[in-house]
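Trainee: I have this one open on my screen and would like to talk it through with you. Could you put the structure up before we start?

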Amino acid sequence: MTGPLLAWGAARAAQPDAFLASGAHGPVAACGLGTLRLGAAEAGVHEVDGATVRRR
């Protein structure tokens, strides 16, 4: 999961119209919650019902 999320963030930051404030930011502060949710979905991350999750 980490690799696809990092790749999405890097591609977003490399866009010509990307606004990047200096300093350290968490993912929500850097992208906004809505954008972060879309990026996570593009990376294959999705919500699941806790009752249906199987543990290995």
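Mentor: Let us settle a term before anything else: helices (H or I, at least four residues) and strands (E, at least two) are DSSP runs, numbered from the N terminus. With that in place, the elements of the protein chain run α-α-α from the N terminus on, and the secondary structure comes to three helices and zero strands.

Trainee: Okay, and what should I keep in mind about the model and the numbering?

Mentor: This is a predicted model, in which local features need pLDDT of at least 70 and side-chain atom pairs count only at pLDDT 80 or more, while totals for chains, interfaces and linings use all residues. Residues are numbered from 1 along each chain as its sequence is written, and side-chain values use heavy atoms, with hydrogens and water left out.

Trainee: How do α1 and α3 cross?

Mentor: The axes of α1 (residues 2–13) and α3 (residues 33–42) come within 9 Å and cross at roughly 125 degrees, where axes are lines fitted to C-alpha atoms, for helices over the stretch in contact, and angles run from 0 to 180 degrees between N-to-C directions. That makes α1 oblique to α3, since angles under 35 degrees count as roughly parallel, over 145 as roughly antiparallel, 65 to 115 as roughly perpendicular and the rest as oblique.

Trainee: Which residues of α1 and α3 meet?

Mentor: From α1, Leu-5, Trp-8 and Arg-12 meet Thr-35, Leu-36, Gly-39, Ala-40 and Glu-42 of α3, contact meaning heavy atoms within 4.5 Å.

Trainee: Is Gly-39 buried or exposed?

Mentor: Gly-39, which lies in helix α3, counts as buried because its relative accessibility is 0%; buried means under 20% relative accessible area, exposed over 50%, partly exposed in between (1.4 Å probe, protein chains only). Not counting residues up to four places away in sequence, Gly-39 touches Leu-5 and Trp-8.

Trainee: Moving on, where does Ala-43 lie?

Mentor: Ala-43 lies in the segment after α3, and its C-alpha atom is separated by 7.1 Å from that of Trp-8, a residue 35 places away along the chain. Leaving aside neighbours within four places in sequence, Ala-43 is in contact with Pro-4 and Leu-5.

Trainee: And how much of the protein chain counts as buried?

Mentor: Of the 56 residues, 5% count as buried. The protein chain exposes about 4,800 Å², with carbon and sulfur atoms supplying 59% of it; accessible areas come from the Shrake-Rupley method with a 1.4 Å probe, and for residues only the protein chains shown count as cover.
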